[in-house]
Amino acid sequence: MRSAHRVETVRSAERTLMARLPDGALMQRAAAGLAATCADALGRVYGSRVLLLTGSGDNGGDTLYAGARLARRGAAVTAILLNPDRTHPTALKALLQAGGTTASPQAAPALIPRADLVLDGIVGIGGRGGLRPEAAPLAELAAASPAIVIAVDLPSGIEPDTGEVHGPAVHADLTVTFGTHKPGLLIDPARAYAGSVRLIDIGLDDTLPATPDLESLQHPDVAALLPHPSPESDKYRRGVVGIAAGSARYPGAAVLAVAGALRGGAGAVRYVGPAADSVLARFPETLVSDSGPKKAGRVQAWVAGPGVGDDAAPVAEALATDVPVLLDADGLRLADRDTVRTRTAPTLMTPHAGEAAALLGVSREEVEAARLTAVRDLARAYDATVLLKGSTTLVADPTPGTPVRVNPTGTPWLATAGSGDVLSGLAGSLLAAGLTPLDAASAAAYLHGLAGRYAADGAPAGAHDVAEAIPAAWRDITS
């Protein structure tokens with residue numbers, strides 16, 4: 001599992017560790033890992049041209065010390081000093097003694113296009129609000145150059161704690177981060193500036209708190225969550241999920257939600273709604289009821305809302321039950337906030353950015369620019385677990401202190417009609433199997449992302465194809 005911690009937490013952990021170590025030892029650990037990563041990226045260090053974009057403080061010090069190590073291996077290293085009076089003096093001395101040179105920002109237009117590698121050490125984890133006017137042109141030159149751009153700890157200009165970007169920022173091919181991931185490296189829009197991310201162990205594990213601010217599950221974590229039938233299993237032990245979805249106008253939403261639930265391992269699916277004929281034509285194993293959720297029969301969880309239009313009755317009936325309920329699409333709009341907040345059984349909400357914006361009373365652009373804030377605000381407002389779909393899918397639990405989970409498997413190929421209906425059915429099946437809303441949402445998002453990749457395989461694919469690829473994603477995770 002990848003964990004991410006806020007800047008304040010990282011700084012506290014670093015102070016605790018530095019008190020145990022000789023002066024400068026922590027910076028040398030970071031510089032050693034950074035230099036080794038640069039050498040790997042270059043392939044051949046001797047004779048390469050390395051340019052350091054160097055700001056003040058420890059981030060600039062890491063950059064200069066790494067540059068000194070590369071210079072000792074035969075690289076031609078030049079440091080552009082953005083704030084010479086505040087440059088880390090000991091690190092600068094080490095660079096010069098190793099044969100490196102310095103230059104002013106005015107030399108950047110001539111130097112950056114000729115570099116093989118550019119190290120972004122402009123701003124560290126204390127940076128806020130985008131790059132300053134004197135630094136922004138350097139980021140533009142680096143982006144336009146053929147050089148490999150490596151960010152030191154995080155791309156300069158992004159917001160480390162939130163993933164927001166409020167101005168010019170460095171676009172890196174690779175980010176080398178130290179000790180732990182920072183939230184901004186995992187959440188869009190900032191994630192798109194980071195490129196690939198490599199974590200360097202500098203010994204912070206013992207000084208960081210056990211509970212991070214963000215978590216990103218990996219294959220083994222998801223495999224541990226997924227239910228597996230036992231020899232004694234029957235359809236009820238595996239979980240029966242109810243689907244209240246579809247309408248005369250949107251029968252496909254019902255079909256796709258049922259597909260997601262069946263491919264997600266449900267023991268059985270009960271469908272209620274006006275699209276019964278369409279559902280049975282595609283999935284004859286579905287248990288169909290002509291009544292609403294209240295009289296549909298035994299289920300362990302409900303999925304309510306995909307494609308129901310303006311019919312609030314099935315959503316209200318599902319929320320009145322004592323089993324977990326997933327609200328999606330029209331169900332989000334039709335659900336009464338106070339009803340959701342006062343439920344004794346858990347609720348999982350799965351909005352996209354536009355739906356989240358409507359629920360919060362803000363613009364879609366505000367949600368997309370501040371995804372972490374939006375998902376936390378929604379979870380608090382509804383006292384429900386919220387899965388915020390998008391370029392990075394986030395899952396927030398309303399319990400204070402619970403880490404937000406970031407899904408790493410998303411793909412743009414999932415941006416297709418009906419994909420969200422498949423996800424709601426899949427997550428509903430995991431709720432019915434007994435997973436908590438946080439675990440069900442996290443595992444479903446992970447599976448859904450992998451299935452989207454498998455279904456597309458570099459070419460367009462529809463939501464039905466994504467549903468059919470879920471078993472393959474499941475096998476890969478658990479094998």
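Which residues does P314 touch, not counting residues up to four places away in sequence? In this predicted model, P314 touches A244 and P293. P314 lies in helix 12, which spans residues 313-319. The relative accessible area of P314 is 14%. Buried means under 20%, so P314 is buried. V386 lies 72 residues from P314 along the chain. The C-alpha atoms of P314 and V386 are separated by 20 Å.

Two helix pairs were examined next. Helix 3 covers residues 57-72, and helix 4 covers residues 89-97. Their axes lie 8 Å apart, and the helices pack at an angle of about 20°. Angles under 35 degrees count as roughly parallel. Helix 3 and helix 4 are therefore roughly parallel to each other. The crossing of helix 3 past helix 4 is left-handed. Helix 3 contributes G61, L64, Y65, G67 and A68 to the contact. Helix 4 contributes T90, A91, L92, A94 and L95. By class, the residues of this contact are seven nonpolar and three polar, with no charged residues.

The second pair joins helix 15 (residues 353-360) and helix 17 (residues 371-382). Their axes come within 11 Å and cross at roughly 50°. That angle makes helix 15 oblique to helix 17. Helix 15 passes helix 17 in a left-handed crossing. On the helix 15 side, the contact residues are A356, L359 and L360. They meet A374, D377, L378 and Y382 in helix 17. Six residues of this contact are nonpolar and one is charged, with no polar residues.

Note on methods: Residues are numbered from 1 along each chain as its sequence is written. This is a predicted model: local features need pLDDT of at least 70, side-chain atom pairs count only at pLDDT 80 or more; totals for chains, interfaces and linings use all residues. Side-chain values use heavy atoms; hydrogens and water are left out. Axes are lines fitted to C-alpha atoms, for helices over the stretch in contact, and angles run from 0 to 180 degrees between N-to-C directions. Helices (H or I, at least four residues) and strands (E, at least two) are DSSP runs, numbered from the N terminus. Angles under 35 degrees count as roughly parallel, over 145 as roughly antiparallel, 65 to 115 as roughly perpendicular and the rest as oblique. A crossing is left-handed if the near helix is turned anticlockwise from the far one by less than a right angle, and right-handed if clockwise. Contact means heavy atoms within 4.5 Å. Ala, Val, Leu, Ile, Met, Phe, Trp, Tyr, Cys and Pro count as nonpolar, Asp, Glu, Lys and Arg as charged, and the others, Gly among them, as polar. Buried means under 20% relative accessible area, exposed over 50%, partly exposed in between (1.4 Å probe, protein chains only).
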